[in-house]
Amino acid sequence: MTSTEQSRRKYDALVDRYEEIFFYVADMGRRLVEVAAPQPGARVLDVGAGRGAVARAALVRGCVVTAVDSSGGMVARLRSDHPTITARQLDASRLDFPTGSFDLVTAGFVVQVLDDPTAALAEFRRVLAPGGTVALSLERQTVGRLGWLHELNAEFFGSPGEPADALSADRLDTLLAKAGFDQLTRTEVDIPKPMADPGALWNWLALQGVPQALDTLPPDRAAEFRLEFFAGAERMHDEGGIVLDFGATLHRGVSAPE
Ligand SMILES: C[S@@+](CC[C@H](N)C(=O)[O-])C[C@H]1O[C@@H](n2cnc3c(N)ncnc32)[C@H](O)[C@@H]1O
């Protein structure tokens, strides 16, 4: 199976739970559109739209929104949730739109999951009208105060490790400049998410399939994981509260004249 097919299946499987697990995307979508500041009536293309966190923020501002995603499940859900958005199943690096069709191209938390961000940025520039704006968000990897949980996961399930080629904010700005964007700006955003108690943290992990993962362990190891999880979560709760530390950078650029 190709990595593109794997990605499609992954996001198809996440459609219904996506914005519950990734609780921050709705807020980040609004902030990304604020940074881009499109005028009412602007033609906006949201790439890798998912459930529409960015696209619906653009709709609220009165933009004419087209959304694309490589996951058929996400596109079907976008169409039923937001009939006024034109939604299509397309790959970010092969956008089937004429040159210069949009005033703003957005992509929320997408460039870091692409095999070839350079090809996608070239497409974003191609479909933008001269002087058009690109606005992208990039997740900032922060373990924060959940180091103990990462260690626990690594102990029981093995460490996924950090992808060697994870896209950094500096690298993204470099790629944007190379793709022909200038007037680059970058905004750092922190969104800490407090969890009421250990049970709430467990429920959040359950959304991500942790109980199913535990079923793959021998029963005594699964019981051990639960014990250690709740001990760690109780400790964090008592020592100032359970908080998921999440951060992102919002990148904006303008398509420079050829
Ligand atoms: C992390 S999600 C972000 C969704 C949404 N933009 C948001 O902010 O909530 C990444 C999205 O990009 C889509 N995606 C992944 N690879 C893609 C590709 N090559 N072309 C288009 N969309 C892609 C996924 O299906 C998924 O919906």
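Author: The following account takes the ligand and its surroundings, and then turns to one pair of helices. The model is a predicted one. The ligand is surrounded by 20 residues, and the closest among these are Gly48, Asp69, Ser70, Ala92 and Gly108. Sorted by class, this shell consists of 12 nonpolar, 6 polar and 2 charged residues.

In aspartate 69, a polar side-chain atom lies 2.5 Å from an oxygen atom of the ligand. Serine 70 has a backbone N or O atom 3.2 Å from a nitrogen atom of the ligand, and a backbone N or O atom of glycine 108 is 2.8 Å from a nitrogen atom of the ligand. On its own the ligand has 600 Å² of accessible area, of which the protein covers 95%.

The pair of helices may be described next. Two packed helices are characterised by the angle and the distance between their axes. Helix 7 spans residues 147-157 and helix 11 spans residues 219-238; their axes come within 10 Å and cross at roughly 175°. An angle over 145 degrees counts as roughly antiparallel, and helix 7 and helix 11 are therefore roughly antiparallel to each other. On the side of helix 7, the residues in contact include Trp148, Leu152 and Phe156, while those of helix 11 include Phe225, Phe229 and Met236. Charged residues take part as well, including Glu155 in helix 7 and Arg221 in helix 11. By class, the residues of this contact divide into 9 nonpolar, 2 polar and 4 charged.

Note on methods
Residues numbered from 1 in each chain as written. Predicted model: local features only at pLDDT ≥ 70, side-chain atom pairs only at ≥ 80, totals over all residues. Heavy atoms only, no water. Near = heavy atom within 4 Å. Polar contact = N/O pair within 3.5 Å; in protein donor to acceptor, adjacent residues only side chain to side chain. Areas by Shrake-Rupley, 256 points an atom, 1.4 Å probe, with all protein chains shown as cover. Axes fitted to C-alpha atoms, helices over the stretch in contact; angles between N-to-C directions. Helix = DSSP H or I, 4+ residues; strand = E, 2+ residues; numbered from the N terminus. Parallel < 35°, antiparallel > 145°, perpendicular 65-115°, else oblique. Contact = heavy atoms within 4.5 Å.
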